Amino acid sequence: MWARPSPDETIPIIRIDGPSDHLLMTVCNGAKQHVEQPLGITMAGDLSWMEERYAHLEEQSLLWQPPTLESANTPRCTMDGKPTIMLSANNYLNLTTHPKVVEASIAATRKYGAGSGSVRAIAGTMDIHLEAEDKVAEFKGVESSLIYSAGYTANVGLIPSLVQGKQDIIISDELNHGSIIDGVRLTKAQRAVFPHNDMGAFEQVLRENQDAERKLVIVDGVFSMDGDICPLGELTALAEEYNAMVMVDDCHGEGVLGDGGRGIVDHFKLQGRVDFEVGSFSKALGVQGGILAGKEIVRKHALNHSRSWLLSGSQPPGVAAAQKAAVEVLMDEPEHHARLWENTEYFRTEMQSLGFDTGVSTTPIIPVMCGESSVAKGLSNAMLKQGVMAGAIVFPMVARDKARVRTQMSAGLSREDLDEVLRIFESAGKEVGLI
Ligand SMILES: Cc1ncc(COP(=O)(O)O)c(C=O)c1O
């Protein structure tokens, strides 16, 4: 039954009948809301504040107006009714349409149905989920892995389970992804942020906080706005010296960095030294879902304590089968990974020789630095008019004077595609006065 509400009391908002098992008790604790009016009386809310906020965003040209794809998200796609070359997708290996991935998804949907019918913890774990997890662990050379519904939910579910309170500290790179920031916000631990990739400053934070009970260091492996890499070897060595746990978000490194795309831990040969590797199926692997890889105890812990895993329906079987197939493709067909890097080197070199500034990138995320946001938007629009989707990244995603057009390479881009893109970049770059 629902706890009896009254006009002015704080009540639990979660249903509290049923078996008071560990999970339900965890959910109920702390989940409270203040009731403003007697239940039973319904009153439409005043949403004028929403109209005001929306108008404010519109005034500042900050509204998201996402274009619509009418085809698969492949390097040659159809967007808003026009043939378009896609340079803004995370589909690094072009696996979204790989026949083995697509067929696996269809076959599993036929066998198991469209949905899993439950959360993983209760009745939603299918053999196909476990097979996908085993495949990830095999590929990454770790003891174990756990799949979440997304990279976002892996971060917001895992991070709060790793610290307890004020006696602990989380130490983050200033450019960490928003999903890490959200995960950190869900904890009561102390927080410290060090300047981007600055290992001197990082060590100073470690030194100043060496008495904290648990120390958790969190970094992105590949930084998604600049395409540069965390110096994970140096960072891990320092963390070991100060007895800190290390978590790396390798969402843009999985399928991209390391031997055959095994990720940043493989790239720096740090196997067994990084405690928590988080990744995503929604980028190079071309599907959807979050990955946690590490020791068996990490899987067991996360499975019992990540609220985003415990409290949300498990992935449809078609998705789980596609995840497993995507990892198999990566293991069996190394040519996609090799092709991604060929395209990356070619495009970066040619862009630089046209006179573009590609920033500090060393990965398939290649920004075209523009400075002012108006220049970035102008360049992106000029590209789109000529059939190339390359999105502008402006404040507040990056500093006001560091606006850029961000391009992302894909193994599916042919040399002809890239040459066409280069020609269009040259003409659009001249049009906006960037080169
Ligand atoms: C660095 C990083 N971490 C986490 C995520 C979230 O991944 P997912 O799309 O699987 O939720 C993203 C995606 O934008 C990302 O770029």
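The structure is a predicted model, in which local features need pLDDT of at least 70, side-chain atom pairs count only at pLDDT 80 or more, and totals for chains, interfaces and linings use all residues. Residues are numbered from 1 along each chain as its sequence is written.

The domain assignment gives domain 1 (62-91 + 335-431) and domain 2 (99-332); such bounds come from an automatic or database domain assignment. The C-alpha centres of domain 1 and domain 2 lie 27 Å apart. Domain 1 gives 17 residues to the contact and domain 2 gives 14 residues, two residues being in contact if their C-beta atoms, placed from the backbone, lie within 7 Å. On the side of domain 1 that touches domain 2, the elements that give two or more residues are α13 (335-354) and β12 (365-371). Helices (H or I, at least four residues) and strands (E, at least two) are DSSP runs, numbered from the N terminus. The largest share of this side, three residues, comes from β12. The residues of this side of domain 1 divide into nine nonpolar, seven polar and one charged. Ala, Val, Leu, Ile, Met, Phe, Trp, Tyr, Cys and Pro count as nonpolar, Asp, Glu, Lys and Arg as charged, and the others, Gly among them, as polar.

Helix α13 has 20 residues, which at 1.5 Å a residue should span 28 Å, and this agrees with the 28 Å between its end C-alpha atoms. The expected span is 1.5 Å times one less than the number of residues. The buried residues of α13 are H336, H337, L340, N343, T344, F347, R348 and M351. These residues cover an arc of only 125 degrees around the axis, which puts them on the same side of α13; the arc is that of the directions from the helix axis to the C-beta atoms. On the other side of α13, E335, E345, T349 and S353 are exposed. A residue is buried if 20 or more other C-beta atoms lie within 10 Å of its own, exposed if 12 or fewer, and partly exposed in between, with C-beta atoms placed from the backbone. The cover over the buried residues of α13 includes β12 and α15 (415-431).

F276 is in strand β10 (residues 276-280). F276 counts as buried because it has 22 C-beta neighbours inside 10 Å. Apart from neighbours within four places in sequence, F276 is in contact with L158, M247, L292, G294 and V298.

The ligand is surrounded by 13 residues, the closest being A150, G151, Y152, H177 and S280. A residue is near a molecule or strand if its C-beta atom, placed from the backbone, lies within 6 Å of it. The shell around the ligand divides into three nonpolar, eight polar and two charged residues.
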